[in-house]
Amino acid sequence: MSSQSNRKYGRGTTAIHGGSHNDPLTGAITTPIYQTSTFAFPSAEEGARRFAGESDGYIYTRLGNPTVHVLEDKIAMLEGAEAGLAFASGMSAITTVLLGLLKSGDHVLASKGLYGSTYSFLVTLKTSFGIDFTLSDLEDEAAILRDIRSNTRLIFVETPINPTMRLIDLTMLANTAKAHGIYTVVDNTFMSPYLQRPIELGCDIVIHSATKYIGGHGDVVAGLAVGSKEMMHQLFAKTHKHTGSILAPFDAYLLIRGLKTLGVRMDRHCENAQKVAEFLAAHPKVTDVYYPGLPSFPQYELAKRQMDGFGGLMSFELEGGLQAGRKMMDSVELCKLAVSLGDVDSLIQHPASMTHAGIPAAEREQMGITDGLVRLSVGIEDIDDILADLEQALDRA
Ligand code: LCS
């Protein structure tokens, strides 16, 4: 008789079954929404044991909730990490992790290219808390050695970087940082664990804006972080439970539901995006396309090595610069002119005046975010409909 018990499931299967268990009370297969703020203790002694950490039972939803725990276990399994934590937004995951790991006098090295709010929070850490930061290309070991300081405590990166799509070699980064006792924190929002798993490459913490591919349907704002049991416990005890930036049980349920289709969604995002990138690259009005799946992409070899697919995001520039880009964005009909990304719906937006407007113009230019850059998050609609919409919008640009 063959047994399934030792089988290591694939990621698509893990996205459906990982961390889930039939409800002990009813056998329900779908994770129930434990919509409760507090939990009754069977006795005063047991209540005291739970507060003392001597018993695992539930206390109060800010300190733990069964629906949220299923999601935390699922994302940890998907990322190949020991433990996970769920947050009210991607930004609350980022701010909680940074506040939990850093202290005044520390230095952060970050990728030259970050989501606008992440950049703004680094500025707040510097001006209000005495935690300095440097933006670096981090292109190789020499660049990292040049930019770290004796007080550098962590390196924070996005890869691919929002919205320029530049990549960072995570194996090189993790090895270099480890040799100097520096933590590596990777924002994996653009890839999802289906396409890239930084923990397996040696990084310490992975963060998601779960608002994007994890949820996938544009109906929830949420964040996740994974890492070792010890680090997650430390973050929970030091910041998460006190800042209270927790995920609501209903939102956890939406993410568990969204994750069940992660595999099929990501396959379709990648397939559609590849065709859109090739279409844009061949279009006479498009001067540049930044998509890791194009052989002309400068880091194509790294993309093939580090990622299991090239994702659904790209950015591009039109011949007429900002004016032409605005005209195109105003002309799309199927694609929505909206921020966010990773939804089943195709979304188009202008980073310099929208998602990255909070970064001073000179810094933005340094990051490669020109005023003419347009970002497209390719959805899972029928590819012919997406291409037809882009074609008519480009005709009018
Ligand atoms: N990290 C990345 C790479 C992001 O793109 C975002 C949001 C966040 C973190 C923050 O996550 P949130 O708190 O919104 O869940 N990015 C957005 C974007 O590019 N358009 O709209 C939001």
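A polar contact is a pair of N or O atoms within 3.5 Å. Keep that cut-off in mind for the first stops of this tour, which goes through a predicted model.

**Stop 1: the ligand and its polar contacts**

Select the ligand, then glycine 90. A backbone N or O atom of glycine 90 is 2.9 Å from a ligand oxygen atom, so the pair falls within the 3.5 Å cut-off. Next, show the side chain of asparagine 162, where an N or O atom lies 3.0 Å from an oxygen atom of the ligand. Then go to serine 209: a polar atom of its side chain is 2.8 Å from an oxygen atom of the ligand. How much of the ligand does the protein bury? Taken alone, the ligand exposes 470 Å², and the protein buries 92% of that.

**Stop 2: the shell**

Now select the residues around the ligand. There are 18 of them, and Asp187, Ser209, Thr211, Lys212 and Arg375 come nearest. Colour them by class to see six nonpolar, eight polar and four charged residues. Which helix gives the largest share of the shell? Select residues 90-101: this is helix α4, which supplies three residues, the largest share.

**Stop 3: the two domains**

Colour domain 1 (11-259) and domain 2 (262-396) separately. Where is the ligand relative to the two? The ligand lies between them, because both domains give residues to the shell around it. If your viewer can draw pockets, note that the space taken by the ligand is the second largest pocket.

**Stop 4: the loop between β4 and α7**

Select β4 (152-158) and α7 (170-179), then the loop between them, which holds proline 160. Most peptide bonds are trans. The bond from threonine 159 to proline 160, however, is cis, with omega near -5°. Proline 163 lies in this loop too. Asparagine 162 is the residue whose side chain came up at the ligand.

**Stop 5: serine 192**

Finish in the loop between β5 (183-187) and β6 (205-209), where serine 192 is found. Most residues other than glycine have a negative phi. Serine 192 is not a glycine, yet its phi is positive, about 70°.

Note on methods. Residues are numbered from 1 along each chain as its sequence is written. This is a predicted model: local features need pLDDT of at least 70, side-chain atom pairs count only at pLDDT 80 or more; totals for chains, interfaces and linings use all residues. Side-chain values use heavy atoms; hydrogens and water are left out. A residue is near a molecule or strand if one of its heavy atoms lies within 4 Å of it. A polar contact is a pair of N or O atoms within 3.5 Å; within protein, one must be able to donate a hydrogen and the other to accept it, and residues adjacent in sequence count only if both atoms are side-chain atoms. Accessible areas come from the Shrake-Rupley method with a 1.4 Å probe; for residues, only the protein chains shown count as cover. On a 1 Å grid over the protein atoms alone, a cavity is a set of points where a 1.4 Å probe fits but cannot get out, and a pocket is an open set with protein on both sides within 12 Å along at least five of seven lines; lining residues have an atom within 4 Å of a point. A molecule sits in a cavity or pocket if more than half of its atoms lie within 2 Å of its grid points. Helices (H or I, at least four residues) and strands (E, at least two) are DSSP runs, numbered from the N terminus. Ala, Val, Leu, Ile, Met, Phe, Trp, Tyr, Cys and Pro count as nonpolar, Asp, Glu, Lys and Arg as charged, and the others, Gly among them, as polar. Domain bounds come from an automatic or database domain assignment.
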